[in-house]
Structures are given as C-alpha cells and as structure tokens.
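Load the model in a viewer and keep the sequence panel open beside it. The stops below each start with something to select.

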Amino acid sequence: MKKFVFALLLVLAVWGVQYAARGYWEPDEPRFVLIAREMSVSGHRFLPLRNGEIYAHKPPLMMWLIQLGETLLPEPFGSRLPSLLGALLAVLAVQTLGQRHASATAGWIAAVIFATGWACAQTFGRGQIDGLLTGLELMAVNLLDLNRFRRPRKSAGRATVSLPASPHLTLVVPAFLLMGLGILAKGPVGLLIPLGSFLSFSYFLPVRHLPEGDRNRRFFVRTGLTGPVLLGGILLAALPPAGWLCATMLENASAAYFNEIIFSQNLSRAGGAYGHLRPFYYLFLQFLVGFLPWTLFLPVAVRGWGQDKHLLKALTAWALFVVLFFTIPQSKRSVYILSAYAPAALCLGVAWDRLQASKFYRVVRAILLMTPPLLLLLAGLFFSVGCRYLPERWVEPGYLAPVHAWPFFLGAVLTLLPAVRCGRTACPLPRRAPGFLAGMVILQAVIGGLVYPAIGPLKEPRIMAALAQKYVPPTGRLQLYDMNGENLTLYARRLGTRRRSDADLLQGMREETRGLALFLERNGQDLESRFPGFIVETGVFPMGKKRYRWAAFQAPQVPR
C-alpha cells in the first residue's frame, strides 16, 4: 500500500496540475479525445470513428479509457485518465523493481528519476498512447521478474534466482494479460517489447545451481518460465485483441479494415510508409536527449558500480533491446523508446549513494538547479516586455498578447527554492539528495502546471468556440478541407466532415446549408471565386506553426 501511495503522490505532483489545467495539443491528444467522443455520439463501441470515417490506425483501448475518464471525472482531467494510469503503473513498476533488486531507497530514487527525465515528463503529461503502453509494458516486466526472483540471504551478497517447482500463475497470467492490453493499445509491440525486455534483463542476472546441458531447465532457471507456459502466455495475450476483432464484426467491419489494422499499420509502418523516416543512429541520440538531465550522471554512476556489475549488465541489456528493436524499422519516433528509460533510472537509483560522493555530481547539480529559475525569469520578462518590441513581420499582430507573464515569474520563484536549499554548504550530504530530487519534481510540475497552460493561446485554437457558436448550428458539422482537423473540431465542440476537393466541399455546403469551412491557409485562397454565392465571411488565425483560414458560408436560396 505504501508503494501505491508513493507512486500516486509522485504522479500527481509531476503531472496532476497539467492534467487539469492544460488544453489539448496536437497532434495525438485531440485526435484520440475526438475519436472517443465521436464513438460515444455515433453509438460505435468497437470501431473507432474520425470525422465520420472508420479510424484504422490504432486499436480502441485508449479511446475506451478516455470515455471512462470523461464519464467519471471533469474535463480535461478525465480525458487524460489513460496517461494517469500509464504513469501510475510505470512509476510503481520502477519503484518495485528497484526495491527488489537493491533497496527501498534505490527504488523510490529510481522512480523519481524516471518520472522527471525529459521524455517521460513530457509524454506522460499528454494524452498519448505511448504513456499508457509504457505503463502496461513495465508492469508486465515487473510481474514476470517477481515470478522468478526471491530475496537472498544476508550472507549471499547479491540477488539470486530461486528454483521453484513451477511458475507462479498468479503472477504470469496478469503479466500476459497486461501485454494483451498493450496489444489492444498499440498493436504487437505491446507483447514484443515487454517480453523481449524481460528476457534480456533476466538473462544477465546471476543464478545459483545453473544446470548443465539441459536447455529447457536452464531457460526455466533464468526466467522462471517453461516453454508451455511461455507459449500459453503468448496465446493468452492474444485473447483481448482477438476478442475485440471478433466484436468489430458486429459493427460490420470490412476486410479492408482488418487488412489495415493487422498488416498495414504494422508492416507498412515499419517500412516507413507513414513517414517518420530517420537515420540508424536516431534513437540512440534521442535516448540521450530524452533522459536529460539524468544523462549527464550516467557515466559517473556506471563507474561507481564496483565489482558487482551483474545488475548493471542486465539493465544495459534491457535498454539496448528496446532501442535496437525500434532502430531496425525505417520509421522511428522518440516516444517509442520510453520503456528504455526505466533501466537507465534503475541504474542511477542503485548507484545513487556512490554518485553523490563525486565532485562532478555536486557541480552539475548546482548548475541544473540554478538554470531553470533563470530561464523562467527571462521568459517572463520576454512575455511582459520584450515581445512588444519584436518586428511585426516576425510575430502576428496580437499573437503573443494572450500569454501572461506571471506564471513564469511564479515558476522562477518555485524552482529557486530547492536551488537555495541545496546550495547551503552547511547542509549534510545525505540531506541534499532529497532536495535535488524534489527540485527536479518541482521543475517538471512548474513546466506542466504553469508554463504549458500559460502558452496555451499559442497552441490551442480557442477562437473555434466563438466561431462555432456564431456560425454552426448545434447539430451541424464543420467542413474540413483536405485535413483531419481534430483540434479544430474538438475546440468547436462540433463534429467534422473531411472534404477532399472543391466539388466535394461544395456538395457539403449544400447539405449543411449554413456553417463553417476550414482550410490550411495555402488551400484557402480565392474562396469567393471558387464557391460563388456561398461565402459570407472569412478570417485567418494561427495555431502553433500553422495558419488556418475559416469561411462562414450559407447556401443561396434557389428561387421557386
């Protein structure tokens, strides 16, 4: 129970305010929220819909959890229930693994490090499938590890594997069911990543009485799994997605849908058909960047492991498996390797005491604690004073006006407190470590809870609420020209219909009779000549790096 309370408090401290205060940001978050709401309105339970079309890119677990969250909790917190669950499972798994293989202190330090690394802090704060998937994966690894681990006697000196008569099905079955939910969240990686991570990790852990010659017995001793149990577990993990695919037949899923969700979204995506083409070394660089600021301490921590490096080898094998698995396909994204940060955090957590003794740690710690308040102070000065003097050709007139400066000044004060506390030379060394970790938690909480909501006007199309209220009937649909526009429809609180050509849009205008059409600015030129007699009013608004043109229309009355 204490572990759960600690994990929940850490999750709420790092991401809680962000879940409740920040708007929906592109690209993934508004898409999944919109699909979940459209499924509710349309009555579809198993087939996701986007703008009236079947969405075959992802299975529906994420959307189901969003529906549940918005039923139980207020928006936008409820929309991020999947991310909260994923973060809670991931933090709890890391803390438990650290306690099992080292100590309770190492476990909670590793959990804090995992939560405050840059990539995890950003991803778990948003409504992305990868946060939910990572939580399911790490908890599955934790349960499989628990199945084959027992605490050594005090005289043993290090962790060893027991020799049970058979696998503990009360642990193995939930582990593979979590992998099945991972498949239901994002496809086969929900099974392949946790299973491969566990096997890579367990292979390098020390064991006693390793049998000679008998491969089946050796595999069982190292992993706690037998061949039949492993095969049965894989079949068990296939049950949730198989049951869902069967249920889609009740909603008349086509053969093209099955081909898309089963084959194209896995094989074609791995081959780079959906973009995100990156060089071979891309994910290795992303791992180093995504684990900042803790990447700076990894070399020192590795040097401090001493002679007993079996756990270090196991953690390294785990991280390398994840990175190499996603390095092979041509399509790569940094969020794919979130689970690789867990073994990296465990590496630092176990070596934390030795890490603190290094001069490098003390110098870098001071720099890291003093830099955020300075940057937040400069950002506050920019939004309060500096942006007024930017040339108009650089900034859309009035574009930065909605951004308030006070959250940046407040954030500078909050992040300065742990810096002052840890900078006191009279403070004993053991008491500085919690202050530094707390400083990292405060930093991520400030970024998510104060900075992101403050710059929301730059990233969110808030103007859509007023435009929809003025021009679109409550039952009307937005007309989206050659784009999906999930963020636009989400803020307008209207469903949308994608139109792929002028003729298609003209037909939609006739069907709706009056409403709102939306274009990327490059597609929104000469509207009066392209749609004569329909356009009533037009305007332009920016959102992030994009600029959109809206056009209010009304179908001309045909004389009788």
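Helices (H or I, at least four residues) and strands (E, at least two) are DSSP runs, numbered from the N terminus. Residues are numbered from 1 along each chain as its sequence is written. The model is predicted, so local features need pLDDT of at least 70 and side-chain atom pairs count only at pLDDT 80 or more, while totals for chains, interfaces and linings use all residues; side-chain values use heavy atoms, with hydrogens and water left out.

**Whole chain**

Show the protein chain as a cartoon: it has 25 helices and seven strands. Of its 560 residues, 55% count as buried. Buried means under 20% relative accessible area, exposed means over 50%, and partly exposed is in between (1.4 Å probe, protein chains only). Now switch to a surface. The protein chain exposes about 25300 Å², and carbon and sulfur atoms supply 63% of that area. Accessible areas come from the Shrake-Rupley method with a 1.4 Å probe; for residues, only the protein chains shown count as cover. Among contacts in the protein chain with a separation of 6 or more, 74% are between residues 24 or more positions apart. Contact means heavy atoms within 4.5 Å.

**Two cis prolines**

Select residues 26 and 27. The peptide bond from glutamate 26 to proline 27 is cis, with omega near 5°. Proline 27 sits in the loop between α1 (2-21) and α2 (28-42). Proline 293 belongs to the loop between α13 (282-290) and α14 (298-303).

**Asparagine 252**

Select residue 252, in the loop between α11 (227-248) and α12 (255-270). Asparagine 252 has a phi near 60°, a positive value in a residue other than glycine. Is asparagine 252 buried or exposed? At 66% relative accessibility, asparagine 252 counts as exposed.

**Tyrosine 341**

Go to residue 341, in helix α16 (residues 341-350). Tyrosine 341 counts as buried because its relative accessible area is 1%. Which residues does it touch, leaving aside neighbours within four places in sequence? Tyrosine 341 is in contact with Phe114, Ala119, Cys120, Gln286, Phe287, Gly290 and Phe291. Tyrosine 341 and phenylalanine 287 are 54 residues apart in sequence and 7.8 Å apart in space, C-alpha to C-alpha.

**A nonpolar patch**

Select Trp406, Leu410, Val413, Leu414, Leu417 and Ile442, and show them on the surface. Together they form a nonpolar patch with about 550 Å² of accessible area. Patches are made of residues with over 30% relative accessible area and no salt bridge; like charges are joined within 9 Å, nonpolar side chains (Val, Leu, Ile, Met, Phe, Trp, Tyr) within 5 Å. A salt bridge is a side-chain nitrogen of Lys or Arg within 4 Å of a carboxyl oxygen of Asp or Glu. Helix α19 (residues 406-422) gives the most to the patch, with five residues. Leucine 410 lies in helix α19 and is partly exposed, at 37% relative accessible area.

**The five-stranded sheet**

Colour the strands of the open sheet in the order β4-β3-β5-β7-β6; the pairing is mixed. Two strands pair if DSSP finds at least two bridges between them. The edge strands, β4 (496-499) and β6, each pair on one side only. From one strand to the next, the twist averages 25°. Helix α22 (residues 463-471) packs on the sheet, touching β3 (478-481), β5, β6 and β7, and its direction makes about 150° with that of β5. Axes are lines fitted to C-alpha atoms, for helices over the stretch in contact, and angles run from 0 to 180 degrees between N-to-C directions.

Zoom in on β5 (residues 514-520) and β7 (residues 546-554), an antiparallel pair with seven bridges. Leucine 518 has tryptophan 550 as its bridge partner in β7, and leucine 516 stands opposite alanine 552. On to β6 (residues 535-543), which runs antiparallel to β7 and is joined to it by eight bridges. Glutamate 537 has alanine 552 as its bridge partner in β7. The hairpin of β6 and β7 has two residues between the strands, and glycine 544 there takes a positive phi near 65°.

**Loops beside the sheet**

Finish at asparagine 523, in the loop between β5 and α25 (527-530). Asparagine 523 is buried, at 18% relative accessible area. Not counting residues up to four places away in sequence, asparagine 523 touches Tyr481, Asp482 and Arg530. Aspartate 482 lies in the loop between β3 and α23 (486-492) and has a positive phi near 55°.
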